[in-house]
Amino acid sequence: VVALVMLGYGLVVAAIGVWAARRTRTGRDFFAASRRLGVWTMSIAAMAATTSGFAFIGGPGLVYSIGLGAVFIVLPLAITTTLTGWVLARPLRQLAEEHEVFTIPGAIGVRYRSPVAQGLAAVAIVAAVIGYLATNFLALGIVLDAVFHTGLGAGIWLGAVLTVAYSVGGGMLAGVYADLFQGVVMAVASTAVFLVALSTGGGLSSMSREIAAADPVFMSPWGRLSPLAALSFYFVFGVGALGQPHVLHKFFMLRDPRQLRWYPAIMTVAMTLSLLLFVGVGLAVKTLVVRGALPPLSRPDDATPRFLLTQASPLLAGLVFAGVAAAIMSTVNSFLSIAAACVTHDLPAAFGRTVRDPLRRGRLSTLAIAAAGVAVALTSNALVAFLGLFGWGLFASALVPVLAIGLHWPRATRSGAIASIVTGLVVTLTLESASYARWFTFPAGVNASAVALVSSLAVFLAVSSLDRRAGR
Amino acid sequence: MRRIAHVLVTIGVLLSAFGYCTPYLRLRTSLGPGSLAAGTVTLVLGLVLASARPAARRRRWFTAGVLLALGCVALGFGVALVASDPDPARPRLVLGVPLRVAVLWYVAGLAPLIALPLVYAATFDGGQSAGTASTDR
């Protein structure tokens, strides 16, 4: 039953891909869905693109392993969608209308009149996308292995081939309509499994009591994290939400900007429903382990598959696995499209060149970027959650200062933007690589993403101020 | 207003940076999280003020809603940082979770989750576009 539901889901996504591929004739169709979306489609597609394998696989695993401190990753949802609406939705949309911009690096290039800033932003996005793709291919491999017993490596390849097929064919148009379908599947599946998790645990109070009695630290507000580490999650995921190009890119596709009035409300409801699983499954699995009904997990990322296969009905398990696959595939598709746009449009623009056949080049770029993501997923040997943190952190440090502050601060300068993007790139890549190679360890609560975000914000403010004082 | 917003953003960044420096400076352990929490809230407030259109800022809904939401976030962080559970193995539960967690989830999480999208919709000015000044340099 589980496999049949998953196959049915795969067929619907494939049908959307074929439908969209027939309607994708130009580069603008491929990269920006031809600016024809309504606010419901755009908001649910943005939710589907945001809620990735990180939220459905990595998140519950993180709750299981570090306790309630992991909730600080989803807590900023309370402010981020509205903040994005205020800070970025309208200015980005206006740039798109006035300057025919359809990528985030393109918007940065226009804002600062700097092809260099545009090119650097594109490099940052491509690097972060490869990390994020690896997270999602890894999560998809775990799901396919759990359902079809493919083995992790074959699961990664299988998931990658299916997702890349509809991304290459239909580009952003396929992605958005698949996202809409997938977003609905995710919200329904997440809500249903949350109710099953509550029922399995005997209610939230019962789960809290049992876990607290066995493991009091787990049930503290910070879990096993230090307060600084938990608040650091809030900082990186709250402020960092303003630099996520796969969400911001959706503003370019909206048909009528007046509909933005309802974007935060729709997005907030959709996100809340789809993230219920994040907390619910993590708590339920911990409760079952405390009770002795489940053996302790050797790999925290197995929390969601283990819970579904042992506690949910086959039909619900199939729906939720489809929801997990939907979360992953919709995010992968969005990432592939924005990274392909960077390679096809923004990097050549940084050198003053244009690509003759953007549709064909976009499809080839999509394939190359997907291959890089699969290679990292197969070789990195990292947890899903931590690869996701790398991608999110790099987006945040490279893009938040130049967009969230720069679009509203008349004194922001080109040099400030370039220095800030370079700082985000260099600090994230250097610290993450050094930390991964265990050349050093951060003290509790400090991590590479946070240091990079604070550094790039400070550099942006300082260089722009000094630049102005020098009369430039 | 833009100048105030810019000052708030700068203060928010400096407080956050200081929070991350505290583990290296060997200062009191609560100083780092407190500084990061204050920095995050100040930075977000600065960004909201910088980006809100003048027409929206003039509406009482806007000021009240933003201050209420960010006040809830600050309160939730403050309670979680300052208060302690007398018996963590048998905590007092509120709405299914220990008290400090309840303040964090329902006050810092749920209250802004409901309030902010409504404030945004109520103060949205569909006829006005974002300032061209931001694109003209």
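Because the model is predicted, local features need pLDDT of at least 70 and side-chain atom pairs count only at pLDDT 80 or more, whereas totals for chains, interfaces and linings use all residues. Residues are numbered from 1 along each chain as its sequence is written, chains are lettered from A and ligands numbered from 1 in the order in which they are written, and side-chain values use heavy atoms, with hydrogens and water left out.

With contact taken as heavy atoms within 4.5 Å, 69 residues of chain A are in contact with 65 residues of chain B. Together the two chains bury about 5,700 Å², of which 74% lies on carbon and sulfur atoms; buried area here is the accessible area (1.4 Å probe) that two parts lose on being put together, summed over both. In chain A, the residues that lose the most area to chain B are Trp86(A), Arg90(A) and Arg261(A), which together account for 15% of what that side buries. The elements giving two or more residues to this side of chain A are α5 (77-99), α6 (104-112), α9 (204-214), α10 (227-239), α12 (263-291), α16 (384-405) and α18 (448-469), where helices (H or I, at least four residues) are DSSP runs numbered from the N terminus. The largest share, 14 residues, comes from α5(A). The side of chain A that touches chain B divides into 49 nonpolar, 12 polar and eight charged residues, with Ala, Val, Leu, Ile, Met, Phe, Trp, Tyr, Cys and Pro counted as nonpolar, Asp, Glu, Lys and Arg as charged, and the others, Gly among them, as polar.

Between chain A and chain B the count of salt bridges is zero, a salt bridge being a side-chain nitrogen of Lys or Arg within 4 Å of a carboxyl oxygen of Asp or Glu. Over all chains, the count comes to seven. Within helix α5 of chain A, Glu97(A) and Arg93(A) lie four residues apart, about one turn of the helix, and form a salt bridge with their closest N and O atoms 2.9 Å apart. In this pair Arg93(A) is buried at 3% relative accessibility, whereas Glu97(A) is partly exposed at 41%; buried means under 20% relative accessible area, exposed over 50%, and partly exposed in between (1.4 Å probe, protein chains only). A further salt bridge joins Arg291(A) and Glu210(A), with the closest N and O atoms 2.8 Å apart. Arg291(A) lies in helix α12 and Glu210(A) in helix α9 of chain A, so this pair ties together parts that are 81 residues apart in sequence. Asp302(A) and Arg299(A) also meet in a salt bridge (3.0 Å, N to O), and a network of salt bridges links Asp215(A), Arg224(A) and Lys286(A).

Thr428(A), located in helix α17 (residues 414-436) of chain A, is buried, with a relative accessible area of 0%. Its side chain is joined to that of Ser397(A) by a polar contact of 3.1 Å, defined as a pair of N or O atoms within 3.5 Å; within protein, one must be able to donate a hydrogen and the other to accept it, and residues adjacent in sequence count only if both atoms are side-chain atoms.

Zero disulfides, that is, pairs of cysteine sulfur atoms within 2.5 Å, are found over all chains. Among the cysteines, Cys342(A) is buried at 1% relative accessibility, whereas Cys21(B) is partly exposed at 36%.
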